[in-house]
Amino acid sequence: MRGIVQSIKGLLGGAPRKQSQDEFTEAARELHRFKRQPEERKKRIALIREELELPKLSFTHHGFKWRKWRWASITLINMLFVVSFHYDVQLVEGALTASRFVGFHMADLNSALQITLAHKHVVINLVIGAVTVGILWWLVGGRAFCSWACPYHLLSEWAEMAHLWIVGKGWIKGHPLDRRMRTVLYVVFALLALGTGYTVFESISPVGILSRALVYGVGVAMIWVGVLLFIEIFFVRRFWCRYVCPIGMTYGFLGSVAPLVIEYKLEDCLHEGECRQVCLVPHVLEMTKKSRAEDAVLSIGADCTRCGMCIEACPTGALNFKIRGSGGLL
Ligand code: SF4
Ligand code: SF4
C-alpha cells in the first residue's frame, strides 16, 4: 500500500522520497552492504569501465526491439481508424478519443471526464466506453496507452531524438520544468470544462488533433502540434507528455495498480544510470541510484509507460517486464 501511495505522489509531481536505511528491508540492507565491500566495489567499477569502453549505442538504438514493436502498435491502432473510415469497414468508427469498436462504445478516460464535466450530465454510453477502455489499459499497465497507442507519442519520440542529438552537439541546453505543473494543469482543464461547458482541453490536445487529422484530414489545428514539437526539439525534452498531458496522468492512476509492471532487481544493478537516460519519466527509476532501493525487488511507479526502453538500456538485465504477483518474468 505504501508503494502505491508513493507511486501516486510521484505521478502528481512529488520529488522521490529518500528513505532512511532503517526503512529498508533486511534483504536490501544486506545487498547495499555487500555492494559497498571494497572487492565488490572494485568489481562494479571495472564492469562499468568495461561497459563505457564498448561502442556507445546512440539514443536511437537504445531499446530498439521494444521500440519497433511499439511503433508498429501505434501505427496499427491508429491505422485501424483510418482504414475503417476510408473503406467504410465499420470496424472502428470515430477517433482515438471516442469511438465504437464493432459496435461497442469506447471512450478515452480523460475525454469522458472532460465531456461529463462540461455537460454536467452522465451519459451511460460514455461511462460504458470509458470503463471498457479503462479496463483494457489497466490490464497492460495504464500509461501503456502512451507508448503503445498514442499518435503524439510517436512524433514526440522523434522530436526527442532530434532534441538529444542537438543537445549532444552542445548547440542548445535542455530546460527541465517542475513536474507538478501537470497536476496543476489537470485541475485547470477540469475546472475550465466545468466552468465553460466546453471541453477546452480537447481542442488543444495533440492526441485528439492528430487522431482526427489522420481520419478526417489535416486542419489548421496541426499548427499547434507543430508548435509543441518545436518546443520539444529546441527547449524542453518531452514538454507535453512530461509536464502537461492529463491523458497520461489519468492512465497513470490506473498504472499504479495495474497487473503489468516493470520490475527492478537491486542485486543485478550496477547503478550507472543508463536506464534513467532513456526514460520519459526518469523519476520513476530513482531506486536505481546507488543506495536508494529500499527492497531487493521493486516495481516501477505509476508514471511508467511500460515502453521497455530501460530494459534494453540496462546492460545487466536488472529491469524486466513482470506480471505483479507472478513468479516468472516476461
Ligand atoms: S502523455 Fe499524453 S500525449 Fe504523451 S503519450 Fe501519453 S497520452 Fe500521448
Ligand atoms: S521506467 Fe522503463 S518502461 Fe517505464 S517509462 Fe521509463 S524507460 Fe519506459
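How much space lies in the largest cavity? The answer is about 90 Å³, and the structure holds five cavities of 30 Å³ or more. A cavity here is a set of points, on a 1 Å grid over the protein atoms alone, where a 1.4 Å probe fits but cannot get out. The volume is the space filled by probe spheres set on the points, which are joined across faces, edges and corners. The largest cavity is lined by 15 residues, and Cys 279, Cys 304, Thr 305, Cys 307 and Cys 310 are the closest to its centre; lining residues have an atom within 4 Å of a point. By class, this lining has twelve nonpolar, two polar and one charged residues. Ala, Val, Leu, Ile, Met, Phe, Trp, Tyr, Cys and Pro count as nonpolar, Asp, Glu, Lys and Arg as charged, and the others, Gly among them, as polar.

This is a predicted model, in which local features need pLDDT of at least 70 and side-chain atom pairs count only at pLDDT 80 or more, while totals for chains, interfaces and linings use all residues. Residues are numbered from 1 along each chain as its sequence is written, chains are lettered from A and ligands numbered from 1 in the order in which they are written, and side-chain values use heavy atoms, with hydrogens and water left out.

Next come the pockets. A pocket is an open set of grid points with protein on both sides within 12 Å along at least five of seven lines. The largest pocket holds about 700 Å³ of space. Among its 33 lining residues, Gly 3, Gln 6, Ser 7, Met 287 and Glu 294 are the closest to the centre. Helix α1 (2-11) gives the largest share of this lining, eight residues. Helices (H or I, at least four residues) and strands (E, at least two) are DSSP runs, numbered from the N terminus. The lining of the largest pocket has ten nonpolar, eleven polar and twelve charged residues.

The second largest pocket has a volume of about 370 Å³. Of its 16 lining residues, Ile 77, Leu 96, Met 106, Leu 136 and Trp 137 lie nearest the centre. This lining divides into 14 nonpolar, one polar and one charged. At least two residues each come from α4 (64-86), β2 (98-101), β3 (104-107) and α6 (124-139).

Strands β2 and β3 also belong to an open sheet with the order β1-β2-β3 and antiparallel pairing; two strands pair if DSSP finds at least two bridges between them. β1 (92-95) and β3 stand at the edges with a single partner strand each, so one side of each has no neighbour in the sheet. Four bridges join β1 to β2, and Glu 93 stands opposite Arg 100 in β2. Helix α4 lies across β1 and β2, at about 110° to β1.

A further open sheet of three strands has the order β5-β4-β6, again with antiparallel pairing. Strand β4 (residues 260-265) and β5 pair over three bridges, and Lys 265 stands opposite Val 297 in β5.

Finally, the axes of helix α9 (residues 180-196) and helix α14 (residues 246-255) come within 10 Å and cross at roughly 100°. Axes are lines fitted to C-alpha atoms, for helices over the stretch in contact, and angles run from 0 to 180 degrees between N-to-C directions. Contact means heavy atoms within 4.5 Å. The contact residues include Tyr 186 and Phe 189 of α9 and Met 249 and Phe 253 of α14.
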